[in-house]
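Subject: Structure handover

Hello,

Here is the structure you asked for. My notes follow below it.

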Amino acid sequence: MATKVSGCLVQTLLFLLGAVLGTGLTAVAGVVMFVPDRTTVISVDPTSSSPGVYVKKVEQLVGGTHYEIWLGPTPDRGHVVTVPGGWDHDPRRESSDTGMRLKFDNGGEIFVPKASYS
């Protein structure tokens, strides 16, 4: 009878240890996933009459580095275009009455309607 009680006690303690470790690892993973990104403005195009064009490099602890192009009045307000991986981060810009076209060296284009950033 004593072995059944001690075996049950060991199993209960191991279950509790697993629950504590699992909760701790989940908490650590959640904190790491939500660590703030480090964003650096690397290019500003003040010659654009409307909108301003701001290229930002975003470095993440989880997910690596990518580039964003912000179209708007200031570097912290505007429409965000995420540049696809492998594309250059300084596209040619063609502004028109309907919006802005971003043309990349690899032949890729992204069109942003004027309603998105005005």
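Strand β3 (residues 64–74) and β4 run antiparallel and are joined by five bridges. Helices and strands here are DSSP runs, numbered from the N terminus: helices are H or I with at least four residues, strands are E with at least two. Two strands pair if DSSP finds at least two bridges between them. Within this pair, Thr 74 stands opposite Arg 77 in β4.

First, how to read the model. It is a predicted model, so to speak of local features needs pLDDT of at least 70, side-chain atom pairs count only at pLDDT 80 or more, and totals for chains, interfaces and linings use all residues. Residues are numbered from 1 along each chain as its sequence is written, and side-chain values use heavy atoms, with hydrogens and water left out.

**The four-stranded sheet**

β3 and β4 belong to an open sheet of four strands, ordered β1-β2-β3-β4, with antiparallel pairing. Its edge strands are β1 (38–45) and β4 (77–82), and each pairs on one side only. Neighbouring strands in this sheet are turned by 30° against each other on average, direction ignored. The axes behind that angle are lines fitted to C-alpha atoms, for helices over the stretch in contact, and angles run from 0 to 180 degrees between N-to-C directions.

**The three-stranded sheet**

There is also an open sheet of three strands, in the order β5-β6-β7, again with antiparallel pairing. β5 and β7 are the edge strands, each pairing on one side only. Here neighbouring strands are turned by 15° on average, direction ignored.

Take β5 and β6. Four bridges join strand β5 (residues 92–95) to β6. A hairpin through three residues connects the two. Ser 95 stands opposite Met 100 in β6.

Now β6 and β7. Five bridges join β6 to strand β7 (residues 109–113), and the two run antiparallel. Gly 99 stands opposite Pro 113. Met 100 faces Val 112. Arg 101 has Phe 111 as its bridge partner. The hairpin between these strands has five residues, and in it Gly 107 takes a positive phi near 100°.

How covered are these strands? In β6 (residues 99–103), four of the five residues are buried. Buried means under 20% relative accessible area, exposed over 50%, and partly exposed in between (1.4 Å probe, protein chains only).

**The core**

Which residues make up the largest nonpolar core? There are 12: Val 53, Val 55, Ile 69, Leu 71, Val 81, Val 83, Met 100, Leu 102, Phe 104, Ile 110, Val 112 and Tyr 117. β2 (52–60), β3, β6 and β7 each supply at least two residues of this core. A nonpolar core is a set of buried Ala, Val, Leu, Ile, Met, Phe, Trp, Tyr and Cys residues joined through side-chain atoms within 4.5 Å.

Phe 104 deserves a look of its own. It is found in the loop between β6 and β7. Phe 104 counts as buried because its relative accessibility is 2%. Not counting residues up to four places away in sequence, Phe 104 touches Ile 69, Val 83, Trp 87, Asp 88, Pro 91 and Ile 110. Contact means heavy atoms within 4.5 Å. The C-alpha atoms of Phe 104 and Asp 90 are separated by 7.4 Å, with the two residues 14 apart along the chain.

**A charge over a ring**

The charged end of Lys 56 sits over the ring of Trp 70, 3.7 Å from its centre. The cut-off is NZ of Lys or CZ of Arg within 6 Å of the ring centre and within 35 degrees of the ring normal.

**The helix**

Leu 16 lies in helix α1 (residues 2–33). Leu 16 counts as partly exposed because its relative accessibility is 45%. From Leu 16 to Gly 108 is 55 Å, C-alpha to C-alpha, and the two are 92 residues apart in sequence.

Best wishes
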